[in-house]
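Colleague: I have a few minutes before group meeting. Can you walk me through this one?
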Amino acid sequence: MDALKEVLGLLRFKMVNLGDWTSVLAPLFGDERYHKIREFLLMEYGNYTVYPDMYDLYNCFRFTPFEKVKVVLLGQDPYHNEGQAHGLCFSVKEGVPNPPSLENIFKELTADVGCPYPKCGDLTKWANEGVLLLNTSLTVRAHQANSHSKCGWAWFTDSVIKLLSEQKENLVFILWGGNARSKKPLIDASKHCVIESVHPSPLSAYNGFFGSKPFSKTNEYLLSKGISPIDWDLTK
């Protein structure tokens, strides 16, 4: 029971320090729909193995302050195998083998902007550069893809996308695959740039992901708006 109480405490809004996101997301964390997500997660973390670790749940917000967001890269749900997910979409911790989709992202990265091939799959540097690495579901039960997709995360992350679209200007939204591209109606394309393609998964990467040049297109747009570009090089 003490462990369950600890989980609930960590999931309470008042216990989570998200910097300048705190005021932005306050209406969401105060909403009854978030309370239901929290109660669901209490039971999931208490009874099953859930990824990411509860301490990493909101890393995408912690590592990329609202004020510094330049790019929003949307993923689906976290990696569901041990040691992979740490709260940033597509990213894995140092020492963890790169999943196939991430390998394809790195192949396109090197072909597009000429960066050295990354030594590991940790994308924290991108987050620090202003790339919000947001999954549309923030949690998943171990070895069960999309297992938390119906718990309310879609409402929460859709609301985050809308808030970003409404409150900021000249963002780049990178949408890879059907799940991410379905969020396009939430984005005001008159004041933001939307870059979309098929997913980098091995099942689809050769059908339009390779050669799509999302990294150079992102920087070209940012520069056109007088915004400093993203340093995509993960080896520095």
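This is a predicted model: local features need pLDDT of at least 70, side-chain atom pairs count only at pLDDT 80 or more; totals for chains, interfaces and linings use all residues.

Colleague: Take Phe-61. What is Phe-61 in contact with, leaving aside neighbours within four places in sequence?
Modeller: Leu-18, Trp-21, Leu-25, Leu-132, Leu-134, Phe-156 and Val-160. In general, nonpolar side chains tend to be buried together in soluble globular proteins.

Colleague: On to the sheet. What is the strand order?
Modeller: The order is β3-β2-β5-β6. Those 4 strands form an open sheet, and the pairing is parallel. β3 and β6 (193–197) are the edge strands, each pairing on one side only. From one strand to the next, the twist averages 20 degrees.

Colleague: Where does α7 sit relative to the sheet?
Modeller: α7 packs on the sheet and touches β2, β3 and β5. The direction of α7 makes about 155 degrees with that of β3.

Colleague: How many bridges join β2 to β3?
Modeller: 5 bridges, with the two strands running parallel. β2 covers residues 71–75. Leu-74 stands opposite Leu-134 in β3.

Colleague: And at the other end, how many bridges for β5 and β6?
Modeller: Also a parallel pair, over 5 bridges. β5 is residues 172–176. Leu-175 has Glu-196 in β6 as its bridge partner.

Colleague: Back to β3. Is it enclosed or open to solvent?
Modeller: Largely enclosed by the rest of the structure, because 5 of the 5 residues in β3 (131–135) are buried. Buried here means under 20% relative accessible area.

Colleague: Which residues cover each face of β3?
Modeller: Val-131, Leu-133 and Asn-135 lie on one side, Leu-132 and Leu-134 on the other, and all are buried.

Colleague: Which residues of α5 are buried?
Modeller: Ser-101, Leu-102, Asn-104, Ile-105, Phe-106, Glu-108, Leu-109 and Asp-112. The buried residues of α5 pack against α6 (124–129), β5 and α9 (214–224).

Colleague: What follows α5?
Modeller: Gly-114, with a positive phi near 75 degrees.

Colleague: Now Glu-44. Buried or exposed?
Modeller: Glu-44 is buried, at a relative accessible area of 5%. Its place is in helix α3, residues 32–47.

Colleague: Which side chain does the Glu-44 side chain make a polar contact with?
Modeller: That of His-148, at 2.7 Å. Not counting residues up to four places away in sequence, Glu-44 touches Val-50, Arg-141 and His-148.

Colleague: Last one, Ser-182. Where does Ser-182 lie?
Modeller: In the loop between α8 (177–181) and β6. Ser-182 is partly exposed, with a relative accessible area of 45%.

Colleague: What separates the C-alpha atoms of Ser-182 and Gly-19?
Modeller: 29 Å. Along the chain, Ser-182 and Gly-19 are 163 residues apart.

Methods. Residues are numbered from 1 along each chain as its sequence is written. Side-chain values use heavy atoms; hydrogens and water are left out. Buried means under 20% relative accessible area, exposed over 50%, partly exposed in between (1.4 Å probe, protein chains only). Two strands pair if DSSP finds at least two bridges between them. Contact means heavy atoms within 4.5 Å. Axes are lines fitted to C-alpha atoms, for helices over the stretch in contact, and angles run from 0 to 180 degrees between N-to-C directions. A polar contact is a pair of N or O atoms within 3.5 Å; within protein, one must be able to donate a hydrogen and the other to accept it, and residues adjacent in sequence count only if both atoms are side-chain atoms.
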